[in-house]
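I set out below what I looked up in this structure, in the order in which I looked.

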Amino acid sequence: MGARKFGPGSAIGLAFGLLFAVFPLFWMVSTSFKPSNEWVTTPPVWVSENGTVTNYLVILWPSVLLEQRGGLGQYTEEGEVTAQRATESDAVSGAVADFLTKSAWQSIRGSIIISVLSTMLSIVVGFMAAIAIARYRFGGNVTPFFILSGRMFPPIAIAIPFVVMFSAPGIEATDSYWGLILAYAAVTVPFSTWMLKSFIDELPQEIEEAAMMDGMSRWEAHIKVTVPLIKGGLIATSLFIFILNWSEFLFALVLTYTNVETIPVKLSKYFSATSGQQYGIQAALACVSIVPLVIVGFFIQRHLVRGLTLGAIKR
Amino acid sequence: MDEPLLQLRSISKNFGSVQALRDLSLEVPRGSLIVLLGPAGAGKTTTLRIVAGLEAPTSGEVWVEGQNFTKLQPNRRDIAMIFDNLALYPNKTGYENVASPLKLARMPKAEIAKRVDEIAGLLKIGHILDRLPATFSGGERQRVALGRAMVREPRFYLLDEPLSSLDFMLRIELRTELKRLQRELGRTFVFATPDYTEALALADTVCVLLEGEVRQIAKAQELYDEPADRDVARFVGNPKINIVPGRLARENGTARLSIGSMNLPLPDRMEHGLPAHLSEVEVGLRPEHVRIVPSTATETHRTGIVNDLEPLGMHTTVGIDLAGINLALTVAGVQEFNDGDRVEVHLDTETLLFFDPISGRRVGN
């Protein structure tokens with residue numbers, strides 16, 4: 001079996017593709033370490049010679065930043081500065097509004113709570129739906145198809161009814177964690193159902209049935225036999241749904257105001273009429289936001305294996 | 001204990017517009033080995049799945065030991081089943097696979113170990129108990145699946161084509177072993193197979209399923225000698241039974257049978273068994289009932305021309321054109337014929353089978 005020839009043409013093609021894929025990442029990281037006067041220049045500054053962590057301090061530890069400036073003002077333990085304005089000489093100068101003295105912790109916490117819980121909810125509901133469809137032919141051919149219907153509209157068409165529903169007296173779910181968790185679960189269940197269904201379909205039904213004959217109830221068979229056998233699929237699906245939730249912007253924007261905030265919404269606030277164009281800070285938060293995904297992805301990649309059913313059946 | 005262990009009462013099963021089973025009734029006595037015999041799609045697996053509780057019948061009832069089991073969940077039925085694809089737990093070792101039903105029954109660990117040990121000895125799987133199914137050979141997988149069923153003492157066992165994908169010699173070996181186990185342990189087996197030799201070799205009683213219907217329930221030999229209809233006769237036996245159109249004529253109390261240009265007298269006994277109104281019949285001749293004889297022609301001898309030869313070692317299948325009708329017959333050993341040879345053929349009129357050409361039912365004795 002001869003290896004395919006790797007000629008200069010392929011090398012150039014690959015290099016170009018790589019550049020295309022990696023450049024935005026590079027630019028994001030690079031910008032996050034630039035002082036504000038280098039964010040937008042002609043010619044561009046590729047890698048700053050005056051590298052600074054100020055941008056990170058703004059979003060993560062503004063208290064340190066303020067301490068450096070002479071410990072102005074008072075701030076709470078969470079690092080939120082109260083009644084304090086940044087001075088003219090700040091690296092992040094200009095129209096630095098109050099919110100800049102506010103850290104990104106609220107949005108990081110919000111994103112983690114909402115993404116984790118809504119992913120878990122979506123996987124649990126999706127798994128049960130997938131079992132019902134794959135194993136009990138629930139809804140015939142109709143349900144599996146129309147469960148996707150929620151994804152057939154532009155998201156904004158779904159988001160607005162959510163606002164209306166969530167604003168109803170007695171529900172009042174806007175600007176709450178559980179509201180956004182429910183909304184995220186609702187829109188990701190079609191994905192988790194279909195992905196998990198495909199993993200369940202690959203598993204011979206007889207394995208679960210053998211477990212029932214051995215003395216397990218239907219629930220036990222699905223929980224104790226099916227779940228371990230589609231573990232890889234569950235992890236892959238969870239990761240996929242988690243990424244969707246982690247990066248979701250529209251719902252978070254229209255369903256939250258001040259109590260609850262997620263990273264994508266926070267990112268958008270560094271670029272607005274009132275705040276100016278805080279590219280460096282925005283880049284720093286973007287860099288921070290991908291860290292959890294990279295870590296999670298790294299640890300679970302070995303679970304993303306196939307062929308778990310090898311040997312179960314004769315072929 | 002006259003009451004049957006398992007009783008199926010007029011079971012029907014529809015999948016959408018397809019009728020998989022039609023009015024199936026069957027009784028399985030305690031300690032017996034019943035074989036469901038039928039080609040693929042006949043409804044064997046559906047029948048077993050209904051008995052197991054994995055599928056609900058559209059109508060009809062499943063009774064076990066005098067209790068109506070029709071609506072009972074599978075895990076409450078205490079029935080063991082071996083699936084046609086075996087369905088081992090791929091993430092569990094051989095030991096865990098075999099021990100699983102005992103563990104679920106909350107048997108003490110020491111007792112489980114003892115029982116698994118016993119059954120592993122019986123099935124010769126001791127050496128693979130600590131390995132995962134992926135490393136098993138086909139025969140080993142088969143034995144572990146068997147072990148998982150045999151380790152407990154359920155009311156009875158359902159076996160769905162458990163030997164089908166094994167190679168020929170292994171199949172025969174395991175078949176013999178299964179029969180021995182069943183006899184020795186005095187257990188009740190319901191065994192599904194499309195292979196009539198397997199059915200005849202194993203069964204106390206064979207239940208022939210064709211197109212979702214029970215066509216015949218009979219002892220193995222009876223099935224071969226006295227098939228209920230044309231389809232059963234065709235399904236049981238290799239080489240396949242010869243079925244040719246014939247005409248009955250009755251003159252002065254004696255009956256004669258015409259097949260093609262042949263005209264044969266029928267034994268009285270046989271003639272009396274045939275309905276008087278019937279003149280057109282289909283005649284079944286088992287290949288071993290057509291013989292090649294020395295050329296001393298009597299009335300039942302005819303000259304045929306050899307047109308096909310299949311030497312199979314123990315016997316040879318010979319195709320013969322007999323007065324315009326093609327017949328297959330078997331002769332012992334390998335015999336010296338060539339295509340186109342003329343041979344004398346004797347038809348054994350005592351063993352002829354007659355079928356109603358319209359209903360396909362067997363008629364006469």
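This is a predicted model: local features need pLDDT of at least 70, side-chain atom pairs count only at pLDDT 80 or more; totals for chains, interfaces and linings use all residues.

Entry 1: I began with B:Met262, which belongs to strand β13 (residues 262–265) of chain B. Its relative accessible area is 2%, under the 20% limit, so I recorded B:Met262 as buried. Beyond its sequence neighbours up to four places away, B:Met262 touches B:Leu257, B:Arg302, B:Leu322 and B:Leu347.

I then asked which residues form the covered face of β13(B). They are B:Met262 and B:Leu264, while B:Asn263 and B:Pro265 make up the uncovered face. In a regular strand, side chains alternate between the two faces of the sheet.

**Entry 2: the hairpin.** I found that β13(B) pairs with strand β12 (residues 254–259) of chain B in the antiparallel sense, over 4 bridges. B:Pro265 is the bridge partner of B:Arg256. The hairpin has 2 residues between its strands, and B:Gly260 takes a positive phi near 55° there.

**Entry 3: aromatic rings.** My search of the whole structure gave 15 aromatic pairs over all chains. A:Phe145 is partly exposed at 43% relative accessibility, and A:Phe146 is partly exposed at 49%.

I also recorded one aromatic cluster, formed by A:Phe23, A:Phe26, A:Trp27 and A:Trp46. A:Lys34 lies over the face of A:Trp27, 3.9 Å from the ring centre. In chain B, the charged end of B:Arg286 sits over the ring of B:Tyr224, at 4.0 Å from its centre.

Note on methods: Residues are numbered from 1 along each chain as its sequence is written. Chains are lettered from A and ligands numbered from 1 in the order in which they are written. Side-chain values use heavy atoms; hydrogens and water are left out. Buried means under 20% relative accessible area, exposed over 50%, partly exposed in between (1.4 Å probe, protein chains only). Contact means heavy atoms within 4.5 Å. Two strands pair if DSSP finds at least two bridges between them. Rings of Phe, Tyr and Trp (its six-membered ring) pair if their centres lie within 6.5 Å; planes under 30 degrees apart count as stacked, over 60 as edge-to-face and the rest as tilted. A charge sits over a ring if NZ of Lys or CZ of Arg is within 6 Å of the ring centre and within 35 degrees of the ring normal.
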